[in-house]
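Me: I'd like to go through the aromatic pairs of this protein with you. Could you start with the rule you use?

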Amino acid sequence: MKYRLLVFAFLGLLVFNACQATSNPQSVEDNASAGNSTSNNVVVRTPAAVGEFNYVFNESQEAINIGIALDAAQSVESVIPVEGGTLSAKGADGTTYTLEIPSDALLTETRIKMTPVGSVDGLPFGGEQTYAVQFEPEGLSFNNFVTLTIVPALEIPLDQQITFGYQGEGKGLVLAPPVADSREIKIQMLHFSGSGVTKGLLADIEPVRQRLGGDAEARLQSLIAEQLMRERQRQLLGQDEAEGSPIDFQALFKQYEEQVVKPRLAAAGESCAAGRLALQTILGLERQRQLLGASDENDAFGKQIEDLMKVVTRVCLQEEYELCAEEHIIHRMIPVWLGMERQYQLLGLAGDGIEPEELKLAKDLTKKCLTFELQFESDGNFDYEGDGYESVVKSKVKLQFNPDEFKIQGQSALINDYFEFRASGCEVTSYRGGATFEAINLVYETDTRSPTDELGYVRDYKLTYWPGETSESFTVACDDDPPFTSPPRALWSGLFLVLHYSELDQGEGVGAASPPKPDMSGMMDGSGFGVPAFSMPDMSAGGGYIAQDWEIQSGDYLAKKEWIREDAGLGLTEAGTLKLYHRPGN
């Protein structure tokens with residue numbers, strides 16, 4: 001298997017541009033001070049020493065923060081599948097923002113929100129017209145570029161478009177790379193927070209260039225985004241190639257490799273966050289290199305990325321499983337597993353019958369994480385003028401995630417713990433009859449407490465279950481009558497069906513086609529204790545009872561659902577409980 005060479009994309013970018021042009025435009029101030037010439041109003045910089053750009057690696061540089069005011073009334077959101085999609089929003093001023101997500105960008109299905117920015121304060125350049133939008137979830141990274149297209153309410157001339165980005169609520173202002181061959185305002189993004197465009201001159205960037213971006217990676221990307229903006233203007237405006245040479249990025253990127261990339265790779269095994277950062281660093285740069293058609297193939301470096309994936313996968317799996325097993329955070333494990341599996345496939349490391357050991361481990365730990373114990377108890381009573389019956393059932397069911405069916409399911413015996421049939425003036429012998437309780441699927445509903453809540457929580461559960469058909473019976477011996485023995489009947493199950501009829505799943509084969517409620521009035525008709533023959537639903541087509549709106553508990557005791565049902569006209573009462581416990585590792 002061959003792997004693409006994951007090298008420094010921006011280096012490839014500048015080498016590519018250098019092959020296409022013999023100059024690189026820069027600021028008017030630099031041109032004036034250096035005595036450079038201009039051509040068609042495009043100013044160029046003479047070759048600069050690497051030392052001029054050492055600010056990129058100067059951690060003491062104070063980042064620029066801006067003020068933003070979101071227009072929440074114009075926000076939109078949608079769940080985007082892994083196959084990709086499009087999301088559009090319109091600002092109050094009529095500006096449209098369109099986010100395009102390709103099929104290989106997301107690792108898992110993700111809810112994305114975009115909110116137009118109503119106003120921006122504190123921009124050190126431009127500002128006469130500014131249009132921006134903010135995305136959530138904050139910090140979301142993509143496997144491939146997503147593209148933001150901005151159509152301003154008022155047109156901005158191409159030679160006055162400055163594209164920018166920021167993090168959080170306006171922190172770490174940085175220049176954003178445009179799509180170089182598009183006359184539309186298109187911004188390429190590999191991660192979220194905010195992006196926009198402002199009307200201004202690139203010369204205005206010069207005084208604050210050293211402060212753009214909050215770290216070395218962002219400052220370097222900002223520097224290169226500036227060069228892309230200049231080259232875009234030159235090409236699309238049909239300007240002549242400027243004299244001089246482009247900035248020599250070779251030494252800069254070598255320094256970047258030594259000071260940023262190698263330390264991140266070395267720290268990849270220390271934590272999941274460190275491993276993901278290392279992976280995102282080299283994959284993100286390769287994606288930008290591929291955009292230029294300058295990607296190489298190198299098996300040695302491909303082996304390096306394969307080894308890095310093994311390290312990152314194992315350390316992230318271990319952290320997630322510990323969260324699950326020790327803190328009972330159950331809802332993150334499936335997305336982690338699926339994200340890793342998709343990442344392997346997109347890198348060509350899995351698929352076509354290839355399943356790395358790390359993905360087998362991910363599947364196994366997901367099953368161990370999503371293992372539960374469900375306890376069910378129910379006490380049903382039918383009273384007909386003092387006669388009738390009481391039937392008590394219980395079950396303890398092990399539930400576990402089934403990766404083949406993608407369900408959390410299980411089954412166990414439904415024990416008829418107590419049964420008593422009552423007939424006044426007669427001698428009665430009661431016979432218990434159990435069944436099989438089937439948990440068809442357990443689903444959890446998640447939520448977050450704030451936009452920055454990374455862990456989230458489970459706010460409710462939805463259990464689809466079928467408690468089975470019990471088979472109680474009895475013998476009644478009364479004076480002057482021969483003994484009567486009832487055939488096995490689903491006495492508890494019929495009672496439960498009557499009182500929980502509205503909770504039947506309206507799925508295929510159930511619901512509208514469900515039987516009518518059993519008529520309990522014939523239970524004691526004085527002619528041999530005719531027990532109603534309950535017509536139970538045909539469960540072969542799926543469906544079952546639905547239990548939701550649980551009371552969330554704490555620790556390994558996840559949730560509880562209690563109820564009391566009654567139909568006084570029919571003389572029916574039933575009290576029951578469902579309890580859900582987390583049993584990871586079993």
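Reply: Happy to! Rings of Phe, Tyr and Trp (its six-membered ring) pair if their centres lie within 6.5 Å; planes under 30 degrees apart count as stacked, over 60 as edge-to-face and the rest as tilted. By this rule the protein has 21 aromatic pairs. This is a predicted model, where local features need pLDDT of at least 70 and side-chain atom pairs count only at pLDDT 80 or more, while totals for chains, interfaces and linings use all residues. Residues are numbered from 1 along each chain as its sequence is written, and side-chain values use heavy atoms, leaving out hydrogens and water.

Me: Why is the pair of Phe-135 and Phe-192 called stacked?

Reply: The ring centres of Phe-135 and Phe-192 are 4.6 Å apart and the planes are at 10 degrees, so the pair is stacked.

Me: What makes Phe-135 count as buried?

Reply: Buried means under 20% relative accessible area (exposed is over 50%, partly exposed in between, with a 1.4 Å probe and protein chains only). Phe-135 has 0% relative accessibility, so Phe-135 counts as buried. Phe-192 is buried too, with a relative accessible area of 0%.

Me: Then what is the pair of Phe-376 and Phe-437 called?

Reply: That pair is tilted, with 5.1 Å from centre to centre and 40 degrees between the planes. Both Phe-376 and Phe-437 are buried.

Me: Which residues do ring pairs link into a cluster?

Reply: The cluster holds Phe-376, Phe-437, Tyr-465, Trp-466, Trp-492, Phe-496, Tyr-545 and Trp-563.
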